[in-house]
Amino acid sequence: MIRTAADFTALAAAPGVNSPLLGVRFVVRDRAVPSLRIGIAASKKVGGAVVRNRIRRRLKSIARELAPQVRPGAEILIGVRTAASTATSAELRAALTECLRRARLVEASA
């Protein structure tokens, strides 16, 4: 997980792809290190603490499932959009998978 403010700031300037539910910024650091680092940013515009934490838990679970398919050495920042507050887990999974495909971080069959 990405936790420090410096890491979030560095990824905020990285290239990214967007969907109505999520925005994904990414950098592939070192392919030799087979680690995946993910950070999730949800502002108060998304909803209260309960809503934001529910979305974070769902996205963490989805990211764990997709992790074996993601390119090694990737660092990903997932920005949660307001529409995600009413989305189901299946919709969040589809949005994240599509963003990762468009970013070429996973294969098309994922």
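## R37 and its two partners

R37 is partly exposed, with a relative accessible area of 25%. In this predicted model, its side chain meets that of D7 in a salt bridge, 2.6 Å from N to O. D7 sits in helix α1 (residues 5-12) and R37 in strand β3 (residues 37-41), so the bridge ties together parts that are 30 residues apart in sequence. D7 is partly exposed too, at 24% relative accessible area.

R37 also forms a salt bridge with E75. Here the closest N and O atoms are 3.4 Å apart. This pair again links distant parts of the chain: R37 in strand β3 and E75 in strand β4 (residues 74-80), 38 residues apart. Is E75 buried or exposed? E75 is buried, because its relative accessible area of 10% falls under the 20% cut-off.

## A pair within helix α3

E98 and R101 form a salt bridge through their side chains, at 3.8 Å from N to O. Both residues lie in helix α3 (residues 89-102). They are 3 residues apart, about one turn of the helix. E98 is partly exposed, at 36% relative accessibility. R101 is partly exposed as well, with a relative accessible area of 30%.

Across the whole structure, a search finds 5 salt bridges. Among them are D7 with R37, R37 with E75, and E98 with R101.

Terms used. Residues are numbered from 1 along each chain as its sequence is written. This is a predicted model: local features need pLDDT of at least 70, side-chain atom pairs count only at pLDDT 80 or more; totals for chains, interfaces and linings use all residues. Side-chain values use heavy atoms; hydrogens and water are left out. A salt bridge is a side-chain nitrogen of Lys or Arg within 4 Å of a carboxyl oxygen of Asp or Glu. Helices (H or I, at least four residues) and strands (E, at least two) are DSSP runs, numbered from the N terminus. Buried means under 20% relative accessible area, exposed over 50%, partly exposed in between (1.4 Å probe, protein chains only).
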